[in-house]
Amino acid sequence: MSKTDRRNYLIGLLPGDGIGRDVVPEACKAVEAAADRFDFSVSWKKFPYGAEHYLKTGEVLPDEALEEMGKCHALLQGAIGDPRVSPGILERGILLKTRFYFDQYVNLRPTLSFPGVPSPLKGGDCVDIAVVRENTEDLYIGLGAASSDGVRMEIGMKRPSYELRGFLNLSVDPVMDMAAQIALATKLGVSRITRYACALARQRGEKEIVLATKSNAVKELYGFWEGIAQEVVSEEGLYLKLINVDALCYQLVKDPSRFGVILCPNLFGDIVSDLLAGIAGGLGLCASANIGDGLSMFEPVHGSAPEIAGTGRANPLAAILSASLMLEHLGEQQASGAVKGAVYMYLRDSSSCELPIELGGSKTTSQVGDAVRSMIEEM
Ligand code: NAD
Ligand code: IPM
Ligand code: MN
């Protein structure tokens with residue numbers, strides 16, 4: 001299949017671990033139903049990486065797999081992480097490695113209120129917020145080390161657009177065990193994500209971008225962020241509102257309806273998006289897109305939820321909505337709208353017992369996927 005044939009898509013599938021393997025097949029059902037309706041075709045290329053593969057072979061994610069992924073039009077991912085494997089090995093070795101390898105610098109995380117899904121908050125039922133999370137830098141950059149000799153820590157990282165290697169030379173008295181993790185921001189990193197946030201705000205008809213920061217305590221890093229974001233937002237003719245991330249969490253709980261585009265450095269974006277998922281009624285409803293200039297990857301905000309894996313309790317709507325973001329990215333606007341619309345109608349028209357188990361109903365993962373597929377077919 002040629003990569004230039006826009007109506008015939010090769011999609012890389014990485015179900016991963018835990019409920020990732022339960023929800024990804026439901027997202028595929030929705031994509032296939034939309035492809036039938038809107039006259040395009042999809043071929044799937046499945047990648048086995050995750051805990052089972054690692055425990056069997058010792059392999060996390062080889063570079064050849066990334067090259068294979070690069071031949072796809074997009075990647076659809078489930079979730080990575082398993083209690084049998086020490087935290088970080090798979091998450092960093094598969095998920096973050098993929099984000100960094102393809103320089104997927106945008107992590108777009110829309111949070112939407114859906115009809116029939118109550119928020120635990122008063123006034124939390126009309127949320128339409130887009131978290132624009134910087135996805136390659138900050139504390140995630142991978143510059144970390146532990147030391148017990150008190151003298152030298154070796155650090156280094158590589159991105160497609162730049163590379164950094166060096167040492168921290170220390171003099172510690174008395175010598176003690178210690179660890180360091182360096183957060184880094186570059187002008188390139190902050191300006192490109194801010195431009196993306198500006199374009200999105202404009203597309204949504206909004207003039208203001210809220211930047212989640214913390215320059216009162218972490219001055220060098222987030223002061224730098226604020227300066228560059230301000231420059232870019234002014235150039236774009238929009239307004240930047242700064243808010244410390246602790247105060248933002250408070251305001252989101254008090255009145256989430258007043259927020260639109262929230263621009264976040266990597267770590268704050270991770271935390272704020274789970275807070276928003278709770279406000280919107282469940283992690284099983286929150287989709288995300290990891291977007292770069294090359295291959296982009298689509299995945300739910302949630303993790304592998306190992307305690308409910310294989311039980312039918314996982315809500316697949318986040319994965320299905322991630323597939324809708326993928327279709328939009330591929331230029332299949334009608335198909336994307338149909339998938340999102342089907343989720344909306346399913347939630348709006350279902351009695352409470354027809355809802356996913358996560359939302360208090362009785363429908364299992366595959367029953368929810370079937371219901372959404374039927375909606376797409378019947379639209
Ligand atoms: P989690 O998102 O897996 O689960 C948090 C809570 O939400 C749990 O109570 C879980 O049962 C529930 N939940 C999540 N998704 C759900 C869904 N679709 N339907 C119903 N309930 C759902 O977060 P965690 O427990 O912190 O992490 C579990 C593992 O997942 C860890 O290994 C973590 O590193 C990994 N993780 C991976 C990703 C990813 O691959 N993108 C994201 C977050 C966490
Ligand atoms: C997410 C996850 C990942 C992150 C972890 C698993 C590395 O929490 O996608 O939200 O921190 O980005
Ligand atoms: Mn997260």
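How many salt bridges are counted between domain 2 and domain 3? The count is zero. This is a predicted model.

- Eight residues from domain 2 and six residues from domain 3 make the contact.

**Interface of domain 2 and domain 3**

- The size of an interface is often given as the accessible area lost when the parts come together.
- Here, domain 2 and domain 3 bury about 520 Å² between them.
- Carbon and sulfur atoms give 58% of that area.
- On the domain 2 side, Thr136, Leu139 and Leu184 supply 60% of the area buried against domain 3.
- Two residue pairs are in polar contact across the interface, both at pLDDT 80 or more.
- Strand 9 (178-184) and helix 5 (187-203) each supply at least two residues of the side of domain 2 that touches domain 3.
- That side of domain 2 has four nonpolar, two polar and two charged residues.

**Aromatic pairs**

- The rule gives three aromatic pairs.
- In one of them, the ring centres of Tyr9 and Phe40 are 5.6 Å apart.
- Their planes meet at 75°, which is over 60, so the pair is edge-to-face.
- Tyr9 sits in strand 1 (residues 8-16), and Phe40 sits in the loop between helix 1 (20-38) and strand 2 (41-46).
- The pair therefore ties together parts that are 31 residues apart in sequence.

**Backbone details**

- Most residues other than glycine have a negative phi, and most peptide bonds are trans.
- Asp39 has a positive phi, near 65°, and is not a glycine.
- Asp39 lies in the loop between helix 1 and strand 2. Phe40 is in that loop as well.
- The peptide bond joining Asp173 and Pro174 is cis, with omega about 0°.
- Pro174 belongs to the loop between strand 8 (163-169) and strand 9.

Terms used
Residues numbered from 1 in each chain as written. Chains lettered and ligands numbered in written order. Predicted model: local features only at pLDDT ≥ 70, side-chain atom pairs only at ≥ 80, totals over all residues. Heavy atoms only, no water. Contact = heavy atoms within 4.5 Å. Buried area = accessible area lost by both parts, 1.4 Å probe. Salt bridge = Lys/Arg side-chain N within 4 Å of Asp/Glu carboxyl O. Polar contact = N/O pair within 3.5 Å; in protein donor to acceptor, adjacent residues only side chain to side chain. Helix = DSSP H or I, 4+ residues; strand = E, 2+ residues; numbered from the N terminus. Nonpolar A, V, L, I, M, F, W, Y, C, P; charged D, E, K, R; others polar. Phe/Tyr/Trp six-rings, centres within 6.5 Å; stacked < 30°, edge-to-face > 60°.
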